[in-house]
Amino acid sequence: METLVVPAGEGRAFIIENGRRIRISTPKGQQSADFFACNGGDTTEWLSPPHTWMPTRSLHPRVGDTFLSGRRQPMLEFVEDGADGLHDFIIAPCDAIRYKQFGVEGHHRSCAENLVLAMRDIGHEITQAPLAVNFFTNTVVEDGFMFNTPSDPVVQPGGYVVLEACMDLIGAVSSCPYDLEGPGWAINAPGGPTEIVVELM
Ligand SMILES: [Zn+2]
């Protein structure tokens, strides 16, 4: 087994061979892990939540789901959920533009930037901005509306998911660097981002 610690607010990319399982966990809890995946032989084919919703008929990822690429190819099976189903499948990853809109001056890390840097670290330049599965983020959907309030449940320390690759993949995980205060989405714990652990089994 290989273990990779994704430092708080940073991202890492790694190879996942077909048939291999990957366990992603939040040791301290309530830390969004933006998970991206692309075809190991073609970095223009990315995991796509909207394409996955169609066969799963669900806006929440559930055990047994097959995550599809934008070309509708099976990429990963969701095999185990140790986080009580508290995952977001809808919200686009944070990016530099979003932080500017929040009023941040100067540079702020983002999941989109973390992905670019992580892919560059393993030798791939990407120009796309793919969507992610946001594990350990609670998005409540009711009557077509989405929300998240401080009273909604959060993922407890040690929460995890296990996925199994259906093709040779490159996976990437961003420990979401969102650390702003004020009204809005309760994305990460109030104390700021924490690390995410990735285990390749
Ligand atoms: Zn983020």
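Two residues count as being in contact if their C-beta atoms, placed from the backbone, lie within 7 Å. Keep that in mind for the views below. What you're looking at is a predicted model, where local features need pLDDT of at least 70, side-chain atom pairs count only at pLDDT 80 or more, and totals for chains, interfaces and linings use all residues. Residue numbers start from 1 along each chain, as its sequence is written.

**View 1**
Phe78 lies in strand E7; strands (E, at least two residues) and helices (H or I, at least four) are DSSP runs, numbered from the N terminus. Is Phe78 buried or exposed? It counts as buried, because 21 C-beta neighbours sit inside 10 Å. The cut-offs go like this: a residue is buried if 20 or more other C-beta atoms lie within 10 Å of its own, exposed if 12 or fewer, and partly exposed in between, with C-beta atoms placed from the backbone. Skip the residues up to four places away in sequence, and Phe78 touches Pro61, Arg62, Val63, Gly64, Asp65, Phe67, Val161 and Leu163. Asn134 is 56 residues from Phe78 in sequence, and their C-alpha atoms are 13 Å apart in space.

**View 1. An open sheet of six strands.**
Read across this sheet and you get the order E1-E14-E3-E12-E7-E6, with antiparallel pairing. Two strands pair if DSSP finds at least two bridges between them. Strand E1 (2-6) and strand E6 (66-68) are the edges, each pairing on one side only. Ignoring direction, neighbouring strands of this sheet are turned by 25 degrees against each other on average; the axes here are lines fitted to C-alpha atoms (for helices, over the stretch in contact), and angles run from 0 to 180 degrees between N-to-C directions. Over at E6, three bridges hold the antiparallel pairing with E7, and Phe67 stands opposite Leu76 of E7.

**View 2. Strand E12 and its two partners.**
How many bridges join strand E3 (residues 21-26) to E12? There are six, and the two strands run antiparallel. E12 also pairs with strand E7 (residues 74-81), again in the antiparallel sense, over five bridges. Val162 is a handy spot to look at: it is the bridge partner of Arg23, and Glu80 stands opposite it as well.

Arg20 lies in the loop between strand E2 (11-16) and E3. It is partly exposed, since 16 other C-beta atoms are within 10 Å. Arg20 and Met201 are 181 residues apart in sequence, yet 6.4 Å apart in space, C-alpha to C-alpha. Leaving aside neighbours within four places in sequence, Arg20 is in contact with Ala165, Leu200 and Met201.

In helix H3 (residues 111-121), the buried residues are Cys111, Ala112, Glu113, Asn114, Leu115, Val116 and Ala118. They pack against E2, strand E4 (33-39), helix H2 (96-101) and strand E13 (169-175). After H3 comes Gly123, with a positive phi near 95 degrees. In soluble globular proteins, nonpolar side chains tend to be buried together. Take Phe36: apart from residues up to four places away in sequence, it touches Trp46, Leu47, Leu115, Pro130, Ala132 and Ala172.

**View 3. Two loop residues with positive phi.**
Phe136 has a phi near 70 degrees, a positive value in a residue other than glycine. You'll find Phe136 in the loop between strand E9 (133-135) and strand E10 (140-142). It is buried, because 29 other C-beta atoms lie within 10 Å. Asp143 isn't a glycine either, and its phi is positive, about 55 degrees. Asp143 sits in the loop between E10 and strand E11 (145-147). With 4 C-beta neighbours inside 10 Å, Asp143 counts as exposed.
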